[in-house]
Amino acid sequence: MLPDLNKYIRHISLSPDSINSDDAVSPLMKYLDDTLVILSESLVRENLARVLDSLWSLILQMIFETVAENRGVSREFYERFHFTLEALLEFFHAEGEGLALEDLRNEQYKALERELRLNKCSSNELIEQYFVEKIVQQ
């Protein structure tokens, strides 16, 4: 699955800024959906949960590495990956049938979500975020 996941994440990162985020993410989501159908038919529930958990961590790591390799690109790039992250969260949660939200929103997820959220902000929004964090600290 690793080469396929790399291909689909690269597709998201190389998508033009003018493309709709949903269109950029749909090949990855279709691939995951097709793969999970096969896995759910082949594995018992406990093993499927372990595979999903490992897959979740792997995808988060791959996205984090892709974002790190592409520092200073357009806001649309980060918005696209933020959209991807949220779509993946919903996909792996599967309306309560998949992984628990507490497990999905682990430290790795929080770090990636914060990175994407801050990088997609305008300068004014970043300044505002800075002061909000300072107020919380006080």
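**View 1. Phe-77 and Tyr-78 are both buried.** Buried here is under 20% relative accessible area, exposed is over 50%, and partly exposed is in between (1.4 Å probe, protein chains only). The two ring centres sit 5.2 Å apart with planes at 90°, so Phe-77 and Tyr-78 make an edge-to-face pair. For the record, rings of Phe, Tyr and Trp (its six-membered ring) pair if their centres lie within 6.5 Å; planes under 30 degrees apart are stacked, over 60 edge-to-face, and the rest tilted. The model is a predicted one, where local features need pLDDT of at least 70 and side-chain atom pairs count only at pLDDT 80 or more, while totals for chains, interfaces and linings use all residues. Numbering starts from 1 along each chain as its sequence is written, and side-chain values use heavy atoms, leaving out hydrogens and water.

**View 2. Tyr-130 and Phe-131 are edge-to-face too, so here are the values: centres 5.3 Å apart, planes at 75°.** Tyr-130 is partly exposed at 45% relative accessible area, and Phe-131 is partly exposed at 48%.

**View 3. Trp-56, Phe-91, Phe-92 and Tyr-109 are linked into a cluster by ring pairs.** The structure has seven aromatic pairs. Setting aside neighbours within four places in sequence, Phe-92 has contacts (heavy atoms within 4.5 Å) that include Leu-32, Leu-52, Trp-56 and Leu-104.

**View 4. The largest nonpolar core holds 33 residues.** Such a core is a set of buried Ala, Val, Leu, Ile, Met, Phe, Trp, Tyr and Cys residues joined through side-chain atoms within 4.5 Å. Leu-32, Trp-56, Leu-88 and Phe-92 touch the most other members.
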